[in-house]
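I opened the model today and kept notes as I went. The entries follow the order of my look-ups.

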Amino acid sequence: QVQLVESGGGLVQAGGSLRLSCAASGRTFSSYAMGWFRQAPGKEREFVATMNWSGGRPYYADSVKGRFTVSRDNAKNTVYLQMNSLKPEDTAVYYCAADPSGRASGWAYWGQGTQVTVSS
């Protein structure tokens, strides 16, 4: 069983930055693909960014490309989402997810989410 705990959310003004963290339990974290997703009020959960098990091949949604950066520290069992130039439309609950296959295609584990609110 894998547990994921997100942190780092909060209230920020438009143009500001936040860094989200997702701490994972489990001895095989380094083999997991990790992803970030978000869900705004009244909308479906959407993909934000993913990174495969080795830390390479980051992939971003068009809406965040150039502003958000995903990274991971396998020694700390943690994945990060650096969010810069935040916009009000980035307001959402942000979730991290883990794919034990390492392929970033089957998100078997999810965190509880952390709220990000961007004021205009």
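**Strand β4 and its partners**

I began with the pairing of β4 and strand β9 (residues 92-99): 7 bridges join them, and the two strands run antiparallel. I kept in mind that this is a predicted model.

Next I looked up the pairing of β4 with strand β5 (residues 46-51). I found 5 bridges, again with the strands antiparallel.

I then checked the connection. β4 and β5 make a hairpin, with 6 residues between the two strands. I noted G42 in that turn, as its phi is positive, at about 75 degrees.

How many of the 7 residues of β4 are buried? I counted this against the cut-off of under 20% relative accessible area. The result for β4 (residues 33-39) is 6 of 7, so the strand is largely enclosed by the rest of the structure.

**The open sheet**

I turned to a sheet of 4 strands. It is open, its order is β1-β3-β8-β7, and the pairing is antiparallel. Which strands stand at the edges? They are β1 (4-7) and β7 (68-73); each has a single partner strand, so one side of each is left without a neighbour in the sheet. I also logged the twist, which averages 15 degrees from one strand to the next.

I followed β1 to its partner. β1 pairs with strand β3 (residues 18-24) over 4 bridges, in the antiparallel sense. Within this pairing I looked up E6 and found C22 as its bridge partner in β3.

**The disulfide**

The structure holds 1 disulfide. It joins C22 to C96, with an S to S distance of 1.9 Å. I read 45 degrees about the S-S bond, and the link of C22 and C96 is right-handed.

Where do C22 and C96 lie? C22 is in strand β3 and C96 in strand β9, so the pair ties together parts that are 74 residues apart in sequence. Are the two cysteines buried or exposed? I found both C22 and C96 buried.

My last note collects the cross-references. C22 is the β3 residue that bridges to E6, and the disulfide takes C22 on to C96. C96 lies in β9, the strand that 7 bridges join to β4.

Methods. Residues numbered from 1 in each chain as written. Predicted model: local features only at pLDDT ≥ 70, side-chain atom pairs only at ≥ 80, totals over all residues. Heavy atoms only, no water. Buried < 20%, exposed > 50% of the residue type's maximum accessible area, 1.4 Å probe, protein only. Pairing = 2+ DSSP bridges. Axes fitted to C-alpha atoms, helices over the stretch in contact; angles between N-to-C directions. Disulfide = S-S within 2.5 Å.
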